[in-house]
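Colleague: Could you take me through one part of this model up close? I would like to hear about the salt bridges and the strands around them.

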Amino acid sequence: MFVGDGIGKTVVKGSRNVEDGWTIFQSATVAVVGAGFIAKGITFENFVGYQDTLYVHSLRQFYRERDIYGTVDFIFGNAAVVFQNCNLYARKPNENQKNLFMAQGREDPNQNTGISILNCKIAAAADLIPVKSSFKSYLGRPWKMYSMTVVLKSYVDIDPAGWLEWNETFALDTLYYGEYMNRGPCSNTSGRVTWPGYRVINSSIEASQFTVGQFIQDNDWLNNTGIPFFSGLS
């Protein structure tokens with residue numbers, strides 16, 4: 001367990017990056033390998049990053065009341081993960097870049113993995129706001145063939161198309177991307193992509209599959225941590 005004095009007060013910093021020859025995995029400011037890890041009241045400077053900020057690599061993960069910053073694919077990986085009551089902020093990217101919040105990496109339709117964003121804020125960071133009209137921001141793109149990402153009951157301020165292809169038609173008919181009862185200036189789904197794998201979720205039963213209770217089985221592990229969470233859609 002890592003317990004800090006608060007966000008911005010206790011800060012863990014690192015300087016490794018891919019440009020200097022490290023792999024994505026080796027360049028982590030903090031890497032967690034093992035069951036039952038908890039961190040609270042702390043800033044990992046990697047979470048205030050640009051490309052590939054947070055690698056949700058595997059197993060079950062839960063993030064609550066976190067601020068996560070980035071530009072390209074900045075939440076990526078193939079864990080079963082729920083973000084609840086979090087702020088996801090797109091930063092000002094390099095010229096000719098687009099902001100992509102999520103790049104989920106499910107490779108098999110039978111894997112019970114995916115990224116679930118529930119009751120969060122998805123918006124521009126302070127450095128992007130003044131030049132927001134010059135850069136497009138998307139909820140995500142399919143890193144792997146069966147990429148799964150859902151955004152539920154969240155505040156959304158992105159490009160009206162919502163999602164971006166990875167490479168032409170790759171995975172557009174095998175991915176699962178869904179939105180349910182979102183709010184905010186770009187929550188209207190009428191201008192969204194028309195891919196076979198994209199859907200507007202209209203059923204609370206379908207949306208509930210991606211909650212803490214059903215998607216990452218809170219009773220098995222979260223109940224004993226003392227971390228606040230809600231099991232359902234609200």
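Modeller: Asp157 counts as buried, because its relative accessibility of 16% falls under the 20% cut-off. Keep in mind that this is a predicted model. The side chain of Asp157 meets that of Lys132 in a salt bridge, with 2.7 Å from N to O. Lys132 sits in the loop between strand 13 and strand 14, and Asp157 in the loop between strand 16 and strand 17 (176-180), so the pair ties together parts 25 residues apart in sequence.

Next, look at Arg91, which forms a salt bridge with Asp127; their closest N and O atoms are 3.7 Å apart. This pair links distant parts of the chain, 36 residues apart: Arg91 is in the loop between strand 10 and strand 11 (99-104), Asp127 in the loop between strand 13 and strand 14 (137-140). Arg91 is buried, with a relative accessible area of 15%, whereas Asp127 is partly exposed at 31%.

The structure holds six salt bridges, and one more deserves a look: Arg192 with Glu179, at 2.7 Å from N to O. Both of these residues, Arg192 and Glu179, are buried.

Notes. Residues are numbered from 1 along each chain as its sequence is written. This is a predicted model: local features need pLDDT of at least 70, side-chain atom pairs count only at pLDDT 80 or more; totals for chains, interfaces and linings use all residues. Side-chain values use heavy atoms; hydrogens and water are left out. A salt bridge is a side-chain nitrogen of Lys or Arg within 4 Å of a carboxyl oxygen of Asp or Glu. Helices (H or I, at least four residues) and strands (E, at least two) are DSSP runs, numbered from the N terminus. Buried means under 20% relative accessible area, exposed over 50%, partly exposed in between (1.4 Å probe, protein chains only).
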